[in-house]
Amino acid sequence: QVQLEESGGGLVQPGSSLRLTCKATGSLSYHKMAWFRQAPGKERELLAVVTSGGTTDHAGSVEGRFTISRDARKNMAYLQMENLRPEDTGIYYCAATPGSRLAGTRYDYWGQGTQVTVSS
């Protein structure tokens, strides 16, 4: 059974940086991991994906500002966020699912989310 727990959210000013961490229990050897965001009043959005082999993809809205990574030995994933904007405000979720394709938004395992608020 895979369990995911996010941490690292908070209240920051525009232009700031944050690093979100996703701690996983259970084997993720054959899983891809991703970060989603749900902004107030909006649908959940896929932000970034990383395969078990380390291949990554990022949504156009965060390309160049956010970077996903994972550490297989520690069973953890990260989302480094730079130059945060007010529109980045939302609940950030870590997710994992078996498979190696970058495409797709169906994930089997989800964390409870961590709040990120960007405001001056």
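Four aromatic pairs turn up in this structure. Rings of Phe, Tyr and Trp (its six-membered ring) pair here if their centres lie within 6.5 Å; planes under 30 degrees apart count as stacked, over 60 as edge-to-face and the rest as tilted. Before the details, a word on the source. This is a predicted model, where local features need pLDDT of at least 70 and side-chain atom pairs count only at pLDDT 80 or more, while totals for chains, interfaces and linings use all residues. Residues are numbered from 1 along each chain as its sequence is written, and side-chain values use heavy atoms, with hydrogens and water left out.

Back to the rings. Take Phe36 and Tyr107. Their ring centres are 5.4 Å apart and their planes stand at 80°, so this pair is edge-to-face. Phe36 sits in strand 4, Tyr107 in the loop between strand 9 and strand 10 (109–110), and 71 residues separate them. Strands are DSSP runs (E, at least two residues), numbered from the N terminus. Both Phe36 and Tyr107 are buried. Buried means under 20% relative accessible area, exposed over 50%, partly exposed in between (1.4 Å probe, protein chains only).

Phe36 has another partner, Trp110. That pair is tilted, at 4.7 Å centre to centre and 50° between the planes. Again distant parts of the chain are linked: Phe36 is in strand 4, Trp110 in strand 10, 74 residues apart.

Next, the charges. How many salt bridges does the structure hold? Three. The criterion is a side-chain nitrogen of Lys or Arg within 4 Å of a carboxyl oxygen of Asp or Glu.

Start with Arg37 and Glu45. Their side chains meet at 3.0 Å, N to O. Arg37 counts as buried, at 6% relative accessibility. Glu45 is partly exposed, with a relative accessible area of 27%.

Arg37 also meets Asp88 in a salt bridge, again N to O, at 3.0 Å. Asp88 lies in the loop between strand 8 and strand 9 and Arg37 in strand 4, so this pair ties together parts 51 residues apart in sequence. Asp88 counts as buried, at 1% relative accessibility.

Arg65 lies in the loop between strand 6 (56–58) and strand 7, and Asp88 in the loop between strand 8 and strand 9, so parts 23 residues apart are tied together. Arg65 is buried too, at 7% relative accessibility. Put together, Arg37, Glu45, Arg65 and Asp88 are linked in a network of salt bridges.

Four strands form an open sheet, in the order 1-3-8-7, with antiparallel pairing. Two strands pair if DSSP finds at least two bridges between them. Which strands are the edges? Strand 1 (3–7) and strand 7 (66–71), each pairing on one side only. From one strand to the next, the twist averages 15°. The angles run from 0 to 180 degrees between N-to-C directions, with axes fitted to C-alpha atoms. Inside the sheet, strand 3 (residues 18–25) and strand 8 (residues 76–81) pair over six bridges, in the antiparallel sense. For Cys22, the bridge partner in strand 8 is Ala77.

Last, the core. A nonpolar core is a set of buried Ala, Val, Leu, Ile, Met, Phe, Trp, Tyr and Cys residues joined through side-chain atoms within 4.5 Å. The largest has 26 residues, and Leu4, Met33, Trp35, Phe66, Leu79, Met81 and Tyr92 touch the most other members. Several strands supply at least two residues each, including strand 4 (31–38), strand 5 (44–50), strand 9 (90–98) and strand 11 (114–118). Which strand gives the largest share? Strand 3, with four residues. Apart from this core lies another, of six residues, among them Ala34, Val49, Ala95 and Tyr107.
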